[in-house]
Amino acid sequence: MAATPSSKAKTFQSPNKTPTNMYRKSYLSPSSTSLTPQTPETLTPLRRSSRHVSRKIDLGNDPIDLPGRESIQEINLTPRKRTTDVVAETLTTPKTKKKKKIDVEASFSPISPNRSETITKKKKKKKRVYYNKVEFDETEFEIGDHVYVKRREDANSDEEEEDPEIEDCQICFKSDTNIIMIECDDCLGGFHLNCLKPPLTDVPKGDWICQFCVVHKPPPLQGKKLAKRTMREKLLSGDLWAARIEKLWKQEVVDGGCVYWIRARWYIIPEETVSGRQRHNLKRELYLTNDFADIEMECVLRHCFVKCPMEFSKASNDGDDVFLCEYEYDVHCHSFKRLAQLVDGDSDSDQEWNGGKEKEIDSDDEEESVCADSKSKRGLTGVNTKGRIFGVEKVGTKRIPEHVRCYKKNELEKAKATLLLATRPKSLPCRSKEMEEITAFIKGSILDDQCLGRCMYIHGVPGTGKTISVLSVMKNLKAEVEAGSVSPYCFVEINGLKLASPENIYSVIYEALSGHHVGWKKALLFLNERFAEGKRIGKENEKPCILLIDELDLLVTRNQSVLYNILDWPTKPNSRLVVLGIANTMDLPEKLLPRISSRMGIQRLCFGPYNHMQLQEIISTRLKGINAFEKTAIEFASRKVAAVSGDARRALEICRRAAEVADYRLKNNNKTAKSQLVIMADVEVAIQEMFQAPHIQVMKSVSKLSKIFLTAMVHELYKTGIAETSFDRVATTVSSLCLTHGEAFPGWDILLKIGCDLGECKIVLCEPGEKHRLQKLQLNFPSDDVAFALKDNKDFPWLANYL
Amino acid sequence: MGKETPAEKSLNLIRGRLCDPSYVFRPLSASSDSNYSKLKFIVSTSITEGCNNSMLLLGPRGSGKAAVLDLVVGDLLEQFPDSVSVIRLNGLLHSDDNCAFKEIAKQLCMEHHLLFSKMASFDDNSQFIIAMLRACGLAHKTIIFVLDEFDMFAQGKQRLLYSLLDAMQSVTSQAVVVGISSRLDADQLLEKRVRSRFSHRKFLFLPPSREELDGLFVHLLSLPADSGFPSGYVSRFNDKIKNLTSDTRFKDILKTLFNANSTVNSFLKFIFCAVSLMNLESGLLSLENFKAALSSMQRQPKLEAVRDCSVLELYLLVCMRRLEVKEQSSYNFISVMKEYKAIHDSFHTSDYYAQNVCLRAFEHLRERQVICYAENRGQSQTGEYRLQKLLISASELHQGMRSHACCPAILLKLLDH
């Protein structure tokens with residue numbers, strides 16, 4: 001247990017040990033080599049203009065949120081007073097540390113983790129009260145807030161004097177708030193518009209770089225600037241820390257008082273990572289680390305705002321303390337990873353994860369979690385037999401690849417990205433009726449006080465939006481649960497194809513309901529008790545359960561007991577179970593035993609294939625705002641797909657492929673780039689590739705003897721009228737063909753090999769070659785295809801006579 | 001070991017070239033129309049744009065599907081060293097879903113220096129893979145799944161393909177699935193729900209044209225001017241190659257070869273054979289080398305089997321053939337013996353052997369697969385009563401007997417009537 005904290009302390013210290021000179025180097029390098037990447041287009045212009053607008057608002061109307069100089073000092077001073085009288089014994093603030101002369105190796109860090117451990121041990125019996133929100137020095141702190149944290153003793157000295165919230169103009173060194181200020185994208189210095197030479201009247205669009213950065217000279221009067229550094233500058237130069245509050249609690253101290261603590265998750269500036277500042281890092285970029293520490297509220301200075309790129313570009317209310325965070329940094333493996341919740345767009349999984357974490361620590365068994373931590377660190381990773389997966393979190397890039405950040409997408413690439421199947425559309429056009437029906441069904445089932453279990457069978461060909469409709473209905477319902485209009489329920493989603501065997505569904509359901517993994521027989525027993533007899537599993541309360549089973553047909557076993565059990569539970573009086581089954585076949589209930597079909601077949605919902613209008617609407621809603629496709633091209637693609645299958649996935653893939661084809665065409669000959677749009681021809685190519693079997697092309701290009709072989713087979717087919725022939729006969733025909741047209745007959749064994757090669761491509765269906773003369777052969781494609789492919793052959797014009 | 005002679009050195013150089021797919025396929029894939037550049041474009045844009053793709057490489061065996069893919073993957077590994085990992089599966093080895101999942105998990109663990117547990121169950125592995133896909137996507141790493149013999153994965157419930165393709169339907173994952181198959185209808189084998197999730201990029205690999213092959217021939221065999229060979233040797237060697245390519249007899253050899261099989265792979269094999277036969281004293285390739293290579297490429301095993309038969313065996317074969325001509329489609333050893341006896345009675349041949357000797361000859365023929373049992377049933381019966389089939393056609397038998405060293409003339413006559 002002692003090992004982990006000390007290693008933590010070291011990681012804390014290491015950035016300090018290599019102080020300014022190292023970071024200076026890397027910090028300056030981008031501007032000196034002028035390799036600074038372009039900031040993503042969408043970010044900066046919005047950002048800059050919003051900044052000065054917001055500043056006015058902040059200063060004028062909202063003094064609480066962004067306190068002026070006085071209020072900041074208040075925050076800074078008041079805790080210090082308290083520290084002396086209440087927390088003196090706990091020895092935690094950086095100030096008291098030195099006074100008491102306690103030698104802690106990590107003297108620079110706001111608290112030493114070592115000590116926090118001892119404290120928690122000491123206070124194990126003491127009560128901890130957890131909060132979601134704490135008011136501290138007239139400022140509210142909430143879980144998930146971002147704050148500045150004091151870093152070291154000497155940094156305090158200038159903090160006390162002043163904390164300039166409003167930075168000065170880099171030219172006139174005054175902070176006149178009436179004049180619009182512009183921010184340099186390189187050095188982040190502020191400039192009054194009219195101080196510039198020549199003065200600007202408006203904030204320019206795109207990146208703007210100040211005159212000093214243009215000539216790679218630091219702005220004059222560094223000394224003056226240093227005296228009045230803002231918190232942002234201190235943070236970015238490593239004199240302050242930023243952290244996210246993960247937890248808040250109040251802890252009683254020995255002599256009766258109580259101290260507020262937070263569990264902080266540190267942010268790190270690019271300079272402090274192993275790879276240093278990378279070329280594509282933005283100036284205000286931070287990384288979220290996986291490093292936690294318990295610190296006292298006293299160390300917290302005030303709020304700052306760390307945003308994801310999307311919000312950052314729209315940031316409006318926070319002036320100078322806005323930072324951008326897109327990546328997570330693993331301090332042990334020194335690797336980067338995108339923040340998961342940003343990518344997914346929904347924070348479902350994240351919330352659950354938080355919940356689990358809290359439970360763990362609430363029950364005060366921190367030792368266990370530490371053990372698990374150290375175990376995973378030691379390298380006991382990979383797939384664990386108990387079903388828990390270690391080590392996945394270790395995956396990360398050592399450097400964030402440049403192509404990801406510094407790449408400006410053109411219209412075609414944007415179109416490709418939105419057409420990806422993976423991109424979840426914002427709205428689901430053309431399925432509102434079905435979604436209403438599903439919503440009505442689910443609501444009707446769970447809103448009933450009785451909650452009589454029910455079952456619904458949803459069917460339709462692939463790619464008609466069955467699963468996504470149900471999932472979006474569930475998402476809407478979840479929003480309603482949060483709003484309080486619908487009582488909570490639990491939702492279990494299972495895919496039949498992802499189960500190792502149909503019986504495994506019991507254990508999966510049971511695990512989803514209770515969190516424990518048991519074998520399927522035991523799980524069946526428990527589930528029977530739960531649904532048929534109404535016993536509760538564990539702590540679970542009276543919540544209705546919605547079970548979504550995708551690919552239901554995969555659960556059909558020989559005696560169909562799995563399906564029977566699952567569909568039987570809803571009929572039980574106390575089950576409170578709703579089953580939604582999804583499959584492709586329309587008549588699945590009819591194919592099953594009558595006792596199952598009577599339980600399942602009552603309520604059905606059919607997702608018909610999309611027609612071409614609908615497909616067109618789906619594609620164009622995805623492509624809204626992106627000018628990449630000709631209208632006729634979309635229509636052509638959707639008509640084609642609607643005629644074949646009505647599969648939306650297919651239509652999207654065709655369009656994406658067409659965009660790829662167009663992209664390839666334009667990138668290869670950029671001089672003749674007439675239209676940047678995807679045209680009909682591209683769609684035609686994509687459709688050809690997707691729908692046309694390639695056999696004709698192959699037949700055209702196979703070796704000469706193979707062509708004669710195929711001709712002989714067609715000839716044989718015409719002569720006998722029977723599709724199946726034997727190698728014996730084909731070879732005889734080939735030899736007579738060769739003889740009459742003066743070709744060399746290669747011999748039977750070579751001919752056999754040729755036949756087998758054709759068989760391998762499945763142009764010909766054939767038995768294994770060991771049967772030799774007795775081998776049975778049959779054309780796999782219509783003889784017309786062969787005739788079409790071989791008719792105008794230059795090498796053997798006579799082939800046409802036999803086709 | 002002594003110093004290599006120039007001949008040995010050039011031999012090693014050329015053999016090295018022949019076994020290096022990148023040397024062979026690089027010139028074939030230079031143009032922007034080639035599969036190589038198209039494939040590279042798609043895979044590299046999937047990496048840079050962070051999207052998922054799935055594609056199929058189709059084409060006859062030996063047309064360089066895997067080699068071109070390896071070229072692309074090698075280039076991309078160089079270009080994006082940190083953000084590409086390749087998982088290779090083969091349908092012949094991993095067509096079982098369970099085994100395939102295990103293998104993927106194992107390779108992922110190796111790639112990321114994690115410990116792989118052999119005990120992990122199907123569920124664990126599939127969860128692990130999905131978690132890894134997600135983690136790699138978050139870290140901007142693309143996983144390329146190469147599924148060789150793709151058609152074998154399309155057997156059974158296609159759970160592997162479904163899970164992979166379904167996992168790729170999320171924004172976080174960043175993966176490319178490349179299927180390689182010689183079956184042209186490989187995508188038709190997919191189940192509907194799998195097919196719907198498949199991106200259907202198809203690359204067709206066709207045998208190269210005659211001109212390309214000629215270019216390849218020179219590219220492979222001409223020695224570089226500045227590589228430490230004696231100066232005279234290089235020019236002599238290259239002149240010889242040039243002479244060969246303009247020789248009509250050589251052209252005929254190539255024509256015979258390409259008539260049967262015009263894929264790159266068979267061409268490489270052919271050259272390898274020829275080069276291995278090179279005369280080390282002169283150190284030059286000759287026409288005879290290529291002739292010998294052709295004949296070793298195009299062997300006729302059945303014909304040779306007939307040529308090596310004993311006279312008694314020939315008698316038996318002729319008897320069987322006669323029975324077939326008499327429209328007696330099924331026969332066993334006993335009926336063949338009857339025919340044999342009839343021939344002997346009517347023509348008074350000198351070669352008459354006892355039944356047990358004939359049985360031995362018969363067994364021998366069967367072991368050499370000149371004849372076989374007509375059906376697999378009736379294994380309880382002893383060999384002589386089971387129905388037999390001739391695996392060799394009349395014309396082959398005829399041709400073989402003609403080239404036989406000591407075939408009695410009467411047999412040829414018997415075969416015709």
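# Exercises on helix packing in a predicted model

The crossing of α6(B) and α7(B) is left-handed. The structure is a predicted model.

**Exercise 1.** Determine how helices α6(B) and α7(B) are oriented to each other, and state which residues make the contact.

*Solution.* 
1. Helix α6 of chain B covers residues 97–111, and helix α7 of chain B covers residues 122–138.
2. Their axes lie 9 Å apart, and the packing angle is about 45°.
3. This angle makes α6(B) oblique to α7(B).
4. On the α6(B) side, the contact is made by B:Asp97, B:Asn98, B:Phe101, B:Lys102, B:Ile104, B:Ala105, B:Leu108 and B:Cys109. On the α7(B) side, B:Phe122, B:Asn125, B:Ser126, B:Phe128, B:Ile129 and B:Met132 take part.
5. Sorted by class, this contact has nine nonpolar, three polar and two charged residues.

**Exercise 2.** Decide whether α1(B) and α14(B) are roughly parallel or roughly antiparallel, and describe their contact by class.

*Solution.* 
1. The helices are α1 (residues 6–18) and α14 (residues 264–276), both of chain B.
2. Their axes come within 10 Å and cross at roughly 165°.
3. Angles over 145 degrees count as roughly antiparallel. Therefore α1(B) and α14(B) are roughly antiparallel to each other.
4. Their crossing is left-handed.
5. Helix α1(B) contributes B:Leu11, B:Ile14, B:Arg15 and B:Leu18, while α14(B) contributes B:Leu268, B:Ile271, B:Phe272, B:Val275 and B:Ser276.
6. The contact has seven nonpolar residues, one polar and one charged.

**Exercise 3.** Describe the crossing of α17(A) and α18(A), including whether its hand is left or right.

*Solution.* 
1. In chain A, helix α17 spans residues 432–447 and helix α18 spans residues 466–483.
2. The two axes come within 10 Å, with a crossing angle of roughly 50°.
3. That angle makes α17(A) oblique to α18(A).
4. The crossing is right-handed.
5. Among the residues that meet are A:Ile438 and A:Ile442 in α17(A) and A:Val470, A:Val473 and A:Leu477 in α18(A).
6. By class, there are seven nonpolar, four polar and two charged residues in this contact.

Technical notes:
Residues are numbered from 1 along each chain as its sequence is written. Chains are lettered from A and ligands numbered from 1 in the order in which they are written. This is a predicted model: local features need pLDDT of at least 70, side-chain atom pairs count only at pLDDT 80 or more; totals for chains, interfaces and linings use all residues. Side-chain values use heavy atoms; hydrogens and water are left out. Axes are lines fitted to C-alpha atoms, for helices over the stretch in contact, and angles run from 0 to 180 degrees between N-to-C directions. Helices (H or I, at least four residues) and strands (E, at least two) are DSSP runs, numbered from the N terminus. Angles under 35 degrees count as roughly parallel, over 145 as roughly antiparallel, 65 to 115 as roughly perpendicular and the rest as oblique. A crossing is left-handed if the near helix is turned anticlockwise from the far one by less than a right angle, and right-handed if clockwise. Contact means heavy atoms within 4.5 Å. Ala, Val, Leu, Ile, Met, Phe, Trp, Tyr, Cys and Pro count as nonpolar, Asp, Glu, Lys and Arg as charged, and the others, Gly among them, as polar.
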